[in-house]
Amino acid sequence: VDGMKEFHGNITLPDGSLRPVDGFKSSAITAEAGSNSEGRTGDVTISVNQGMKLTNGAKISVSNLAVVADPSQLNGLPEDQKPNLTIRTGSLAIDTRASIMASTSGNVDASAIKITSAGDLSLGQDAIINGSTSSAGKGASIALKAATLMLDGQGSISSISSESMPAPSPSATETTGNAGNVDISASRLILSNGGQIKTSTLTAGQAGVATIAADNILVDGANNTQVLTGIASTTRGTGDSGHISVTATKDFSLVRLGQINASTDAAGKAGSIDIHAGSVLVDGKLDTKNHISASAISAEAGPASSGKTGDITINARRNITLSRGGKLSAQNYANVSPEAATRLNAQRPRLTVNAPDITLIDSQISTASTGNVNASNIDIRFSNKLHLDPSSITTSANSGDGGAIDIRGGRLMVLDNS
């Protein structure tokens with residue numbers, strides 16, 4: 001599907017005069033339920049034995065604009081009776097502003113996006129797969145299966161995203177619909193130089209859960225400080241950000257400013273992060289004139305937030321290595337009311353690291369609070385060896401308390417210049 005063709009022409013007005021028109025038109029496969037409809041979009045199903053490509057702004061989309069009297073009749077249907085946007089193909093390439101989208105701006109849930117590729121599935125520069133809501137209906141869920149899934153932003157953005165966002169019109173009712181979940185399964189997953197998997201909310205709706213499973217996962221930020229490369233869930237509304245679950249049966253590598261982050265900048269709570277892998281590597285930092293950036297797995301509560309960070313749990317069957325500035329961190333910048341601080345401090349979040357061998361080389365594990373909420377606790381569990389050279393495991397606080405550090409291990413702990 002090759003789209004975004006430039007056109008030039010004229011429109012004949014009622015008085016017979018001509019008005020020049022210039023613009024672009026996309027090639028598209030679309031389905032829509034209009035604002036005055038009964039809210040029933042049909043299925044969109046595409047099956048291709050070999051390869052499929054979307055390029056130059058081409059799009060496949062399903063949108064539901066309907067506001068119906070009783071949305072539960074449609075939203076309450078069994079999953080196998082709800083409409084889907086389904087693609088089955090031998091391989092799929094999406095690049096150059098091409099997109100696959102499903103959305104709702106009414107009170108009927110969006111169609112689900114389901115993509116299965118027997119071979120490679122790739123997203124290039126400015127390519128997106130997106131599910132969204134801007135009203136009361138639930139945003140589209142996204143389920144992807146591929147042999148190799150690669151998102152390469154090439155310095156821009158290449159994304160798979162789910163979002164709950166405000167309605168375009170200021171007079172519209174508040175968005176309450178939850179964003180859909182994102183489920184990804186692949187033998188190999190690569191996020192590179194702007195490749196993103198993201199769930200978010202700017203509203204009262206909840207952000208979706210991101211569940212990612214692969215044999216090998218590589219997140220390579222290419223030392224690009226201008227754009228996120230990685231997996232994130234964020235809230236800038238009253239809804240909570242989503243849980244992030246990552247499973248790599250073999251190796252999980254986060255390098256050259258790659259990120260996994262769950263954060264809140266508003267009243268909603270930041271989601272938790274769970275990583276399970278054979279081995280985990282977090283490597284690399286970039287020291288510029290004004291700022292130090294690092295590969296990181298992090299949770300954050302911003303200055304204007306509710307102060308609710310989530311847990312971070314990292315488990316590896318073999319080893320966890322942080323090197324060359326790589327870090328694990330939970331940061332809380334919030335100042336909240338004394339009553340809210342008391343509630344938050346009664347159930348302090350944890351940063352847990354668990355593997356037979358844990359190695360930190362010029363790296364850090366840290367939790368900190370600059371406001372009046374207590375910093376997260378740190379739990380380190382190792383059955384064989386914990387080695388720091390030169391590195392640190394720290395907590396710090398301002399008005400709140402620093403977190404507790406609990407290290408329990410097996411055979412050997414080595415602190416070298418640490």
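Reader: I've landed on serine 245 here. What does serine 245 touch, not counting residues up to four places away in sequence?
Author: Serine 245 touches Ala210, Thr211, Ile212 and Asp274. Keep in mind that this is a predicted model.

Reader: OK, and which strand is serine 245 in?
Author: Serine 245 sits in strand β16, which covers residues 244-255.

Reader: Is serine 245 buried or exposed?
Author: Buried. The relative accessible area of serine 245 is 16%, and buried means under 20%, so serine 245 falls in that class.

Reader: What does β16 pair with?
Author: β14 and β16 pair in the parallel sense, over nine bridges. In that pairing, alanine 214 faces alanine 248 of β16.

Reader: And β12, how many bridges does that one share with β14?
Author: Ten bridges, again in the parallel sense, link strand β12 (residues 182-192) to strand β14 (residues 210-220). Isoleucine 184 is opposite isoleucine 212 in β14, and that isoleucine, Ile212, is also one of the residues touched by serine 245.

Reader: Switching topic: which residues touch the most other members in the largest nonpolar core?
Author: They are Ile100, Ile129, Ile160, Phe252, Ile260, Ile297 and Ile365, in a core of 73 residues.

Reader: Say more about isoleucine 100. What is it in contact with, leaving aside neighbours within four places in sequence?
Author: Quite a list: Leu54, Ile60, Leu85, Ile87, Leu92, Ile94, Ile113, Ile115, Ile128, Ile129 and Asn130 are in contact with isoleucine 100. Another core lies apart from the largest one; it has six residues, including Ala334, Val336, Leu344 and Val373.

Reader: How do the lining residues of the largest pocket divide?
Author: Into nine nonpolar, 18 polar and seven charged.

Reader: And the second largest pocket, how much space lies in there?
Author: About 390 Å³. The second largest pocket has 23 lining residues, with Lys82, Pro83, Asp109, Ala110 and Ser111 nearest its centre. By class, that lining has seven nonpolar, ten polar and six charged residues.

Reader: How many cavities of 30 Å³ or more does the structure hold?
Author: One. The volume of the largest cavity is about 30 Å³.

Reader: What lines the largest cavity?
Author: Thr309, Ala330, Gln331, Asn332, Ala368, Asn374, Ala375 and Ser376. That makes three nonpolar, five polar and no charged residues. β23 gives the largest share of this lining, three residues.

Reader: β23 again! Serine 329 is in that strand. Is serine 329 buried or exposed?
Author: Buried, as its relative accessibility is 3%. Leaving aside neighbours within four places in sequence, serine 329 is in contact with Ile297, Ser298, Ala299, Ile312, Leu351 and Ser366. Ile297 also came up among the residues that touch the most other members of the largest nonpolar core.

Definitions and conventions
Residues numbered from 1 in each chain as written. Predicted model: local features only at pLDDT ≥ 70, side-chain atom pairs only at ≥ 80, totals over all residues. Heavy atoms only, no water. Nonpolar A, V, L, I, M, F, W, Y, C, P; charged D, E, K, R; others polar. 1 Å grid on protein atoms, 1.4 Å probe; cavity = no way out; pocket = protein on both sides within 12 Å on 5 of 7 lines; lining within 4 Å. Points joined across faces, edges and corners; volume = space filled by probe spheres on them. Core = buried A, V, L, I, M, F, W, Y, C linked by side-chain atoms within 4.5 Å. Buried < 20%, exposed > 50% of the residue type's maximum accessible area, 1.4 Å probe, protein only. Contact = heavy atoms within 4.5 Å. Helix = DSSP H or I, 4+ residues; strand = E, 2+ residues; numbered from the N terminus. Pairing = 2+ DSSP bridges.
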